[in-house]
Amino acid sequence: MRKHRAGSVWMILPLYLFTLIFVALPLLYVVALSFSTADGGYGVNWKFTLDNYKQILEPVYLQTFTGSFRLALTSTLIICLVGYPFGYFMAKLAMLFLMLPFWVNSLIRLYGWIIILQKKGLLNYLLMKLGIIQEPLKILYSYPAIVIGMIYVLLPFMALSVYSSAEKLDWSLV
């Protein structure tokens, strides 16, 4: 028993070293950099300061931060509202429809959204033919287009994580 435990420690040690070197140390370096100042070109002056944190209250940084936070919140909310039910019922349905997009490169998939959302794209064409709009919408490179792209890329990950949990449920209790 003791021999087995010692072998397990040596097997997991590379994972801990990898995590320490490529996750923890870079994070600590970034935190240390946040308390320093720039020194001319690309150097760093390692004098402790809180000036970098004071700058976040400036309008340009505050607007960027709130915009990014709003984008993350909107995307997360929509992904949860769509992904949870989809992942839950996918535990009983075929997973093929979710895995199919992973067989195509994400750059190609997102390029397809550019074709759909552009001014002379499929979406504007359909909306104009149905008489819903009179002139093309400018959706591409806008906030809604970014939300659509993020949802399209991240939704399978939400659905797969819900699927892995829902698959283990006792369906007689549901």
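**The core and its helices**

Modeller: The largest nonpolar core is made up of nine residues: Leu71, Ile79, Tyr88, Val147, Ile151, Leu155, Met158, Val162 and Ala166. A nonpolar core here is a set of buried Ala, Val, Leu, Ile, Met, Phe, Trp, Tyr and Cys residues joined through side-chain atoms within 4.5 Å. Buried means under 20% relative accessible area, exposed over 50%, and partly exposed in between, with a 1.4 Å probe and protein chains only.

Biologist: Which helix gives the most to this core?
Modeller: Helix H7 does, with six residues. H3 and H7 (143-166) each supply at least two. Helices are DSSP runs of H or I with at least four residues, numbered from the N terminus.

Biologist: Before we go on, what kind of model is this?
Modeller: It is a predicted model, in which local features need pLDDT of at least 70 and side-chain atom pairs count only at pLDDT 80 or more, while totals for chains, interfaces and linings use all residues. Residues are numbered from 1 along each chain as its sequence is written, and side-chain values use heavy atoms, with hydrogens and water left out.

Biologist: Back to H3. How many residues has it, and where does it bend?
Modeller: H3 has 32 residues and reaches 45 Å from its first C-alpha to its last, close to the expected 46 Å. The expected span is 1.5 Å times one less than the number of residues. The bend, of about 30 degrees, is at Gly83, and the proline Pro85 follows within four residues. A bend is the angle between axes fitted to the seven residues ending at a position and the seven starting there.

Biologist: Is Ser75 buried or exposed?
Modeller: Ser75 counts as buried because its relative accessibility is 2%. Ser75 is in H3 (residues 59-90). Leaving aside neighbours within four places in sequence, Ser75 is in contact with Val147, Met150 and Ile151; contact means heavy atoms within 4.5 Å.

Biologist: What does Leu155 touch?
Modeller: Not counting residues up to four places away in sequence, Leu155 touches Ile79, Val82, Gly83 and Met150. Leu155 is also among the buried residues of H7.

Biologist: Changing topic, which residue caps H5?
Modeller: Asn105 caps the N-terminal end of H5, with a side-chain oxygen 2.8 Å from the backbone nitrogen of Leu107. H5 (residues 106-117) should span 16 Å, and its end C-alpha atoms are 17 Å apart, which agrees.

Biologist: How many salt bridges does the structure hold?
Modeller: One. A salt bridge is a side-chain nitrogen of Lys or Arg within 4 Å of a carboxyl oxygen of Asp or Glu. Here the side chains of Asp51 and Lys54 meet at 3.8 Å, N to O.

Biologist: Where do Asp51 and Lys54 lie?
Modeller: Both are in helix H2 (residues 51-54), three residues apart, about one turn of the helix. Asp51 is partly exposed at 40% relative accessible area, whereas Lys54 counts as exposed at 57%.

Technical notes
A polar contact is a pair of N or O atoms within 3.5 Å; within protein, one must be able to donate a hydrogen and the other to accept it, and residues adjacent in sequence count only if both atoms are side-chain atoms.
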